[in-house]
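Visitor: Please show me the sequence and the model, and then take me through the packing, step by step.

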Amino acid sequence: MSKPDTAPVLVLLNKPFNTLCQFTGEDGDSTLADYVKIKSVYPAGRLDKDSEGLLLLTNDGNFQHKISHPKFKMPKTYWVQVEGVPDDEAIGRLRQGVVLKDGKTKRANVQILESAAVESRIWERTPPIRQRQSIPTTWIELIIREGKNRQVRRMTAAVGHPTLRLIRVSIGPWKLANLLPGEYQVEPLG
């Protein structure tokens with residue numbers, strides 16, 4: 001993808017849960033083509049099938065590279081529902097970087113969020129996460145500037161709090177805002 005055939009655009013999509021981060025898939029797969037009807041745009045970065053939230057797409061290859069390449073260290077903000085209640089030690093480990101099989105993660109900004117405040121701003125997931133009466137859940141905000149494969153999920157698991165739900169709410173200056181799952185908005189570039 002080099003020069004766009006049309007004016008450069010940026011698409012902000014709220015990628016639904018259980019949707020592939022590509023335009024094609026196997027029969028029965030939910031893909032980006034089910035939601036984005038704009039031709040010649042491609043994802044700038046990835047979001048796992050079981051993750052939700054902000055995905056940026058563009059028809060400008062240089063801009064796509066700036067968004068997705070780790071050397072630009074664009075911050076990505078996630079709201080993460082984890083199993084249990086992380087203590088100060090677990091939060092501290094996330095902040096300092098966690099050793100994973102493919103190396104130590106960079107420092108992250110982490111804070112515990114008020115669950116009621118998060119849940120009043122997000123949509124119900126279909127299917128809902130599993131609930132266990134004896135195990136509480138906690139929402140945290142995690143901001144990273146790198147993108148190892150399934151990094152956020154692996155980080156929270158490494159500190160003893162597996163991720164139950166993962167929503168990306170911003171990438172750099174772009175925010176999910178009020179987009180519902182499957183909705184998108186288009187912004188001109190340049």
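Visitor: Leaving aside its neighbours within four places in sequence, which residues is L142 in contact with?
Guide: This is a predicted model, in which local features need pLDDT of at least 70 and side-chain atom pairs count only at pLDDT 80 or more, while totals for chains, interfaces and linings use all residues. Residues are numbered from 1 along each chain as its sequence is written, and side-chain values use heavy atoms, with hydrogens and water left out. Taking contact as heavy atoms within 4.5 Å, and setting aside neighbours up to four places away, L142 touches K76, T77, Y78, V80, L94, A108, N109, V110, V152 and M155.

Visitor: How wide an arc do the buried residues of α2 cover around the axis?
Guide: In helix α2 (residues 88–96), the buried residues are A90, I91 and L94. They lie on the same side of α2 because, by the directions from the helix axis to the C-beta atoms, their arc is only 100°. D88 and E89, on the other side of α2, are exposed. The arc asked for is therefore 100°.

Visitor: What do the buried residues of α2 pack against?
Guide: The helix is followed by G97, whose phi is positive, near 110°. As for the packing, the buried residues of α2 meet β7 (109–113), β8 (137–144) and α4 (151–158).

Visitor: How much space lies in the largest cavity?
Guide: On a 1 Å grid over the protein atoms alone, a cavity is a set of points where a 1.4 Å probe fits but cannot get out, a pocket is an open set with protein on both sides within 12 Å along at least five of seven lines, and lining residues have an atom within 4 Å of a point. Grid points are joined across faces, edges and corners, and a volume is the space filled by probe spheres set on the points. The structure holds 1 cavity of 30 Å³ or more, and E83, R130, Q131, R132, I135, T137 and L164 line the largest cavity. The space in the largest cavity is about 50 Å³.

Visitor: What is the relative accessible area of L164?
Guide: L164 is found in strand β9, and, leaving aside neighbours within four places in sequence, L164 is in contact with Q81, V82, E83, R125, I129, R130 and T137. E83, found in strand β4, counts as buried at 16% relative accessibility. L164 is buried too, and its relative accessible area is 9%.

Visitor: Which elements give two or more residues to the lining of the largest pocket?
Guide: The largest pocket holds about 450 Å³ of space, and of its 27 lining residues R46, K76, Y78, G147 and R168 are the closest to the centre. The elements that contribute two or more residues to this lining are α1 (61–68), β4 (76–83), α4 and β9 (163–171).

Visitor: Which element gives the most to the lining of the second largest pocket?
Guide: This pocket holds about 290 Å³ of space, and W79, R121, V169, L176 and A177 are the closest to its centre among the 14 residues that line the second largest pocket. At least two lining residues come from each of β4 and β9. With 3 residues, the element that gives the most is β9.

Methods
Buried < 20%, exposed > 50% of the residue type's maximum accessible area, 1.4 Å probe, protein only. Helix = DSSP H or I, 4+ residues; strand = E, 2+ residues; numbered from the N terminus.
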